[in-house]
Amino acid sequence: MNETLSYFNYESPANENYNHQADFNGLKENFISILNSKKETTNLTIEARNLAHLLLASSSQQLFFENLLQKVQLHQKLTNKLNTISNNNVFHINARIFYKIYSITKKT
């Protein structure tokens, strides 16, 4: 999505530090254990309207697009703008995904 964001001249705020890999590691409970943990990159083909949802999911990005396109019908305006820069209204993006599989032992 960085390529799409750069088209709009979006710069991520310096204080934005969301941890996408956060987990239950800090819990002081012994009934949760990690079975598997993965971090990988995958390629996705996504329609402009769905990419607009992803772009507006971050509060800093939403504020940026509200300032750029105004708040009223923001999703539709962003979708329309994305459609003007896409091929066939779809985008190919690289996504980093993180997931963990846990085992939870029921306390008795």
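The model in your viewer is predicted.

Stay on Ser60 and show its side chain. Ser60 sits in helix 3. The side chains of Ser60 and Tyr10 form a polar contact at 2.9 Å.

**Zoom out to the whole chain**

Color by secondary structure. How many helices and strands does the protein chain have? There are 4 helices and 2 strands. Follow them from the N terminus, and the order reads α-β-α-α-α-β. The protein chain has 108 residues, and 22% of them count as buried. Next, consider contacts between residues at least 6 apart in sequence. Of these, 78% join residues at least 24 apart.

**Select helix 3**

Pick residues 59–69, which make up helix 3. Which residues of helix 3 are buried? They are Ser60, Gln61, Phe65, Glu66 and Leu69. Now show their neighbors. The buried residues of helix 3 pack against helix 1 (2–7), helix 2 (48–55) and helix 4. An α-helix has 3.6 residues a turn, so residues three or four places apart point the same way. Keep that in mind as you turn the view.

Select residues 74–85 for helix 4. Two packed helices are described by the angle between their axes and the distance between the axes. For helix 3 and helix 4, the angle is about 80° and the axes are 10 Å apart. The two helices are therefore roughly perpendicular to each other. Which residues make the contact? From helix 3, select Gln62, Phe65, Glu66 and Leu69. From helix 4, select Leu74, Lys77 and Leu78. Color this set by class: you get 4 nonpolar, 1 polar and 2 charged residues. Phe65, Glu66 and Leu69 also belong to the buried residues of helix 3.

**Move to Thr79**

Stay in helix 4 and select Thr79. Is Thr79 buried or exposed? Thr79 is buried, with a relative accessible area of 7%. Leave out residues up to four places away in sequence, and Thr79 touches Ala48, Arg49 and Ala52. Draw a distance from Thr79 to Ala52, C-alpha to C-alpha. It reads 5.7 Å, for residues 27 apart along the chain.

One of the residues touched by Thr79 is Arg49, so select Arg49 next, which is partly exposed at a relative accessible area of 46%. Side chains of opposite charge can pair when their charged atoms come close. Which side chain meets that of Arg49 in a salt bridge? It is the side chain of Glu47, at 3.0 Å from N to O. Glu47 is partly exposed too, with a relative accessible area of 35%. A search of the whole structure finds 1 salt bridge.

**Last stop: Thr105**

Go to the segment after strand 2 (90–104) and select Thr105. Thr105 is partly exposed, with a relative accessible area of 47%. Thr105 and Ser33 are 72 residues apart along the chain. Their C-alpha atoms are separated by 8.4 Å.

Note on methods. Residues numbered from 1 in each chain as written. Predicted model: local features only at pLDDT ≥ 70, side-chain atom pairs only at ≥ 80, totals over all residues. Heavy atoms only, no water. Salt bridge = Lys/Arg side-chain N within 4 Å of Asp/Glu carboxyl O. Buried < 20%, exposed > 50% of the residue type's maximum accessible area, 1.4 Å probe, protein only. Axes fitted to C-alpha atoms, helices over the stretch in contact; angles between N-to-C directions. Parallel < 35°, antiparallel > 145°, perpendicular 65-115°, else oblique. Contact = heavy atoms within 4.5 Å. Nonpolar A, V, L, I, M, F, W, Y, C, P; charged D, E, K, R; others polar. Polar contact = N/O pair within 3.5 Å; in protein donor to acceptor, adjacent residues only side chain to side chain.
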